[in-house]
Each structure stands twice: as C-alpha cells, then as structure tokens.
Amino acid sequence: MMKQAFLKNRTWQALLVLGMLMGLSACVTVNIYFPAAAAKRLADQVVGEVYKAAAHGAVSTPTAPTLSAPAKVAPAAPAAAPAPSAFERLTPAHVAGYLLATSFSALSTPAEAAADLNASSPGVQAARAQLESIAAQMRPYFESGAVGWTANGLVAIHDASAVSLQARAGLSGLVSSNNSALQNLYQQIANANGHPDWEGQIQQTFAQTWISKAPAGYWYQNASGQWQKK
C-alpha cells in the first residue's frame, strides 16, 4: 500500500514538472503579431487631426480618454458549502492528456494583439501636439510643391524654387524639424505599446496614410521614388 502511494506521488510530481516545462515552452514560443488594422485606425485619426490643424492654423492637443467611474459591485453572497472535490478521481492519464492538449493549443495559436493601439501616453500626446504645431508652418510649402511626402513617411524638398529666396533659407531647417517630430511620433507609439520593434511597421502604415489623405495638389514619392502630384 505504501509503495503504491509512493509511486502515485512520484507520478503526480512528474506530471507537475511536465506541466511547468510545457507552460514555459509555450510562453517562450508564442509570437505577438503586429496589429495592422489597429495601426491603420490610429494613423487615420492622427493624420486627419494633423491635416485639420494645418488647415486651421491651430494646435489641437489630443486629450487622454475619459475614465468612467468604477461600477458598483454588489456585496458577495455568502459562500456555499464546498462541493466534494473531484481531484481524487483524476488519474495521471487524465492530467497528462489535458497538459498535452493545452500546451499544443498555446504553441500552435499566435497571441492576438490588443484591438486598439495605446495612443494616450504623455509621450505620444506630446509628439502629436508638436507635429500639429509644425503642420501649420508646413502647409504653404506643401501647397506650393516645395516639399512632399516620401514613401517612408517623412518629408523631403521637392522644388525649392517654388518659394522665395528668403523663405528658402529656412526651409531645410523646417523640414528637418518636421521629420524629427514624425520619427518621434512613430517611436513614441511603438514604445507606448511595449514593442519598440514595431516602429518601422508603424512608420510604414503612417506613410501610406499621409499620402492617401493628403489634399489635392500635394506631391509625394511612389514606391520607386518618383514624384507624383495628387
């Protein structure tokens, strides 16, 4: 009898170790995929606000989401008498089968990213406000064709002769400041969502949106680097 109990305990211990190893393996191998749809929604919102600020010549500082009051929780009902445990009816075979099934599911199913990207961090909001303030200064240069959007979500000089010599002197510095603000925005969004490695994909998503939402008459570079006019 004691030998059987000993063997049973050793079996449960082995299964426990097996479960811990499988759980660790699942945690290591699960991949978090870039939420392209959420990034597109955020790009649509931010780009729209920047173009609106440029058109009105005013800064529209984004605000953090309003936090609703916590819901009232009803007092917990008195705990019922515990039902008889079914643990003793489990066999090692049952547990082994469950562990194998759950670990396989975790390993074979990629983790889903959040439905929406976090854009409420102080860094993201400051980056958006900075970009909107520069957008008002950049608008005349976009409209004249002096600058345009590149295929990677930045701004480049397209035709410096489209502006006066006096304005041309500060154009390079303004473009540099605008690009710094853009790159900071992409980086802040990636950092706010715990994935600095997403910065390149976020930048590419915004690059497409800057062009697709640009007003008629704006210049942009296509994937081949050729300048085109909307």
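1. Glu49 is partly exposed, at 23% relative accessible area (buried is under 20%, exposed over 50%, partly exposed in between; 1.4 Å probe, protein chains only). Arg128 is in helix α4 and Glu49 in helix α2, so the pair ties together parts 79 residues apart in sequence.

2. This is a predicted model: local features need pLDDT of at least 70, side-chain atom pairs count only at pLDDT 80 or more, and totals for chains, interfaces and linings use all residues. Residues are numbered from 1 along each chain as its sequence is written, and side-chain values use heavy atoms, with hydrogens and water left out.

3. The structure holds four salt bridges. One of them joins the side chains of Arg41 and Asp116 (3.1 Å, N to O). Arg41 belongs to helix α2 and Asp116 to the loop between α3 (92–108) and α4, 75 residues apart. (Helices are DSSP runs of H or I, at least four residues, numbered from the N terminus.)

4. Lys40 and Asp44 also meet in a salt bridge (2.8 Å, N to O). Both lie in helix α2, four residues apart. Lys40 is partly exposed at 36%, and Asp44 is partly exposed at 26%.

Key. Helices (H or I, at least four residues) and strands (E, at least two) are DSSP runs, numbered from the N terminus.
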